[in-house]
There are 2 protein chains.
Amino acid sequence: MGLREVKRERTRRLIADKAFELFCDHGFGRTTVEQIAAAAEVGPSTLYRYFPTKETLVLEFVDDCLADAVSWFRDQPTVEPRDGLRTVIERVLEQLESNPDRVRAVFDLAERNGSVSAHLNELIWRFRNDLAAALVRRLPGDPLHAEFVAALSAGITMNVIENVVRVWVDTPHAVNAQSLAHQAMTLLETGALPLPAAQHGSGISDNSRHDS
Amino acid sequence: MGLREVKRERTRRLIADKAFELFCDHGFGRTTVEQIAAAAEVGPSTLYRYFPTKETLVLEFVDDCLADAVSWFRDQPTVEPRDGLRTVIERVLEQLESNPDRVRAVFDLAERNGSVSAHLNELIWRFRNDLAAALVRRLPGDPLHAEFVAALSAGITMNVIENVVRVWVDTPHAVNAQSLAHQAMTLLETGALPLPAAQHGSGISDNSRHDS
DNA sequence: CTTAAGTTTGGTAGTGACTACCATATGGCG
DNA sequence: CGCCATATGGTAGTCACTACCAAACTTAAG
């Protein structure tokens, strides 16, 4: 029962790799799915069975990296949220760093093409949701409030990842992503970031109660 | 020199309104641009001169709200970053609250359609960049570091807006967005959010162990 | 008023992503 | 070898979007 799945995975990889190659050579907009299918020696129908849209051909790698880290977090219900979120960041960056050229190419393609950029942003948003859903389960107190807190925390976490990666891909080879992430987390911890400040004395009561 | 621009703005509004109406009635995917053009009594070519893609028909209102707030921030170089970012949040929410049905419909359409969701996320990302670019100018020190800090701050700010709005649109009428935003900012200020924590003693900075 | 220049408009033809569908081929198993 | 499930390739069609052109309209000048 394994030969079929092996073959499936093989053709899947083949299509994705050929597509990526063509995108890098001629650009995303100037490459048609017919050309990709021809390069992978499959029919266009087959291609669409593996990848629902042209954009997923570009984003598969990033998608996998994020999926891996978030599913890890989901399977670790005992770890402290702060440590878990840090590890999520580290795991994502570690995997991305294992294939710098690919990551750079992805962000390059996203920068030049609005649709790719849009789908990349939506991908990040989806994992922010997944991360929030996994996080909310280990937050005590009012579920509605916990959901809000989890969404904010997950958003900030993904925000760190995103900005670290963007700086990392724009820098030739000088910095490593992990230390950038460490720097970002330190900025968060020490309050060195100019965050939007709540205006005290505005008459709005603070009904957020958190037990320590 | 004014009659032309008046007419332009009129037809622009007409197209956008008719489109939105059709989207709400029959869904985004089930509405063709030809139908929209026919409803607005213009040719398809004319429609495309005003709106580059179908998605922009949906997102115009949100785009305007964000553009207004960010351009306000850009034109206030003297205000403190913390206060400025808070005001950005307040201004965006204020404008969105002025048209709750429209906002609710936009997020509803985004939830049901991947492409709309993707373009919404990209729109938010673009304004996060704009906000960061406006913010970096008033941050002292190393420009590279300031850029990083600004990107993180802008990201967190947009993150607050996004999550507040998502909670707000999902809640019938009980909460108001401003107090939710206030709550979020208080959470940020008091450190009540479980943020990813930099691991001390990992060899990057120092060796002091930090338990729990 | 009239003419000229610039702008807005509608229409046509085409490209290409994506879908629905069907006939065929291929692998897994008795 | 036959039986079933799945994988594949091809066809026809829809629809977003583009490039282009000719007609209508707006504005300004003679």
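**Entry 1: where the two chains meet**

I began with the chain–chain contact and found that 42 residues of chain B are in contact with 43 residues of chain A, where contact is taken as C-beta atoms, placed from the backbone, lying within 7 Å. Looking up which elements of chain B are involved, I noted that α5 (81-97), α7 (114-136), α8 (143-170) and α9 (177-190) each supply at least two residues of the side that touches chain A; helices here are DSSP runs (H or I, at least four residues) numbered from the N terminus. The greatest contribution to that side comes from α8(B), with 12 residues. By class I recorded 24 nonpolar, 13 polar and five charged residues on the side of chain B that touches chain A, with Ala, Val, Leu, Ile, Met, Phe, Trp, Tyr, Cys and Pro counted as nonpolar, Asp, Glu, Lys and Arg as charged, and the others, Gly among them, as polar.

I kept in mind that this is a predicted model, in which local features need pLDDT of at least 70 and side-chain atom pairs count only at pLDDT 80 or more, while totals for chains, interfaces and linings use all residues. Residues are numbered from 1 along each chain as its sequence is written, and chains are lettered from A and ligands numbered from 1 in the order in which they are written.

**Entry 2: how the copies are related**

I then looked up the superposition, and chain B can be laid on chain A with an RMSD of 0.1 Å by a turn of 180° and a shift of 0.0 Å along the axis, which is the relation of a two-fold axis. In chain B, the residue that comes closest to the rotation axis is B:Ala118, at 2.4 Å (C-alpha). Of the interface residues of chain B, 95% are also interface residues in chain A, so the copies meet through the same surface.

**Entry 3: the DNA strands**

Around DNA strand D I found 19 residues, the closest being A:Gly43, A:Ser45, A:Thr46, B:Leu3 and B:Thr53, where near means a C-beta atom, placed from the backbone, within 6 Å of the strand. The surface near DNA strand D divides into six nonpolar, seven polar and six charged residues.

DNA strand C is likewise surrounded by 19 residues, and the closest are A:Leu3, A:Thr53, B:Gly43, B:Ser45 and B:Thr46.

**Entry 4: a helix pair in chain A**

Last, I looked at α4 (residues 54-74) and α7 (residues 114-136) of chain A, whose axes come within 10 Å and cross at roughly 10°, which makes α4(A) roughly parallel to α7(A). Axes are lines fitted to C-alpha atoms, for helices over the stretch in contact, with angles running from 0 to 180 degrees between N-to-C directions, and angles under 35 degrees count as roughly parallel. The residues of this contact divide into 12 nonpolar, two polar and four charged.

Terms used: Two residues are in contact if their C-beta atoms, placed from the backbone, lie within 7 Å. Copies are superposed by least squares on the C-alpha atoms of residues with pLDDT of at least 70 in both. Angles under 35 degrees count as roughly parallel, over 145 as roughly antiparallel, 65 to 115 as roughly perpendicular and the rest as oblique.
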